[in-house]
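Me: I am new to this structure and would like to learn how to read its salt bridges. Could you take me through them step by step?

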Amino acid sequence: MSNFCTLLETFKSSTNFRHALEVYNSLTEEEKKFVAPNGLKDVPGWRYVMYQDNEPAAFIFIHDFYEDNSAGFITMAVKKEYRRSGLALSLLKIGVNYFKRSSFKELIFRCDSNNIASYKLAKKFGFKTKYIAVDKLTFYISK
């Protein structure tokens with residue numbers, strides 16, 4: 001298979017909540033706490049699911065954070081076996097591109113304070129620190 005065909009397979013998208021839920025359910029309980037503490041909900045918003053070997057491998061959702069719809073909030077996860085392969089970088093790039101076209105004025109990203117990879121990813125995209133708590137970091141970018 002050519003690199004181009006592999007790339008197309010990697011970036012195939014879906015709005016299928018069930019596939020995102022499969023990725024979420026593959027996480028440890030501790031990881032779930034930071035991705036979606038009350039469980040992954042099928043709420044209105046923008047979704048993108050990435051696939052590897054025809055399996056759901058990662059997802060990103062962006063949904064309203066405030067009642068006035070001024071900010072979008074990122075919910076994102078990558079299955080353990082697909083981490084460190086560039087999927088999170090690709091997801092965030094796609095999500096930030098969506099944000100730039102959206103009506104949101106701000107995009108919020110939260111991660112476990114011990115997750116160095118997520119911290120570096122946020123900084124790579126120009127996210128600024130919004131809040132620091134003992135167990136989590138919250139970042140944002142504005143238009």
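Me: Which side chain meets that of Glu31 in a salt bridge?

Reply: Start with the general idea. Side chains of opposite charge can pair when their charged atoms come close. Now the case here, in a predicted model. The side chain of Glu31 meets that of Arg83, at 2.7 Å from N to O. This pair links distant parts of the chain. Glu31 sits in helix 3, while Arg83 lies in the loop between strand 3 (71-78) and helix 4 (87-101). The two are 52 residues apart.

Me: What does Glu29 pair with?

Reply: Glu29 forms a salt bridge with Lys32. Their closest N and O atoms are 3.4 Å apart. For a salt bridge, the cut-off is 4 Å, so this pair counts.

Me: How many residues apart are Glu29 and Lys32?

Reply: They are three residues apart in helix 3, which spans residues 29-35. That means about one helical turn separates them.

Me: Which residue forms a salt bridge with Asp42?

Reply: Arg47 does. The closest N and O atoms are 2.1 Å apart. Arg47 has 16% relative accessibility, so it counts as buried.

Me: Which residues are linked in a network of salt bridges?

Reply: Glu22, Glu55 and Lys79 are linked in this way.

Me: What is the pattern of helices and strands along the sequence?

Reply: Count the elements, then read their order. The protein chain has five helices and six strands. Along the sequence they run α-α-α-β-β-β-α-β-α-β-β.

Me: What share of the residues is buried?

Reply: Of the 143 residues in the protein chain, 44% are buried. The chain exposes about 8400 Å². Carbon and sulfur atoms supply 52% of that area.

Me: What share of the contacts joins residues at least 24 apart?

Reply: Take contacts between residues at least 6 apart in sequence. Of these, 60% join residues at least 24 apart. The Glu31 and Arg83 pair, at 52 residues apart, shows a link between distant parts of the chain.

Definitions and conventions
Residues numbered from 1 in each chain as written. Predicted model: local features only at pLDDT ≥ 70, side-chain atom pairs only at ≥ 80, totals over all residues. Heavy atoms only, no water. Helix = DSSP H or I, 4+ residues; strand = E, 2+ residues; numbered from the N terminus. Buried < 20%, exposed > 50% of the residue type's maximum accessible area, 1.4 Å probe, protein only. Contact = heavy atoms within 4.5 Å. Areas by Shrake-Rupley, 256 points an atom, 1.4 Å probe, with all protein chains shown as cover.
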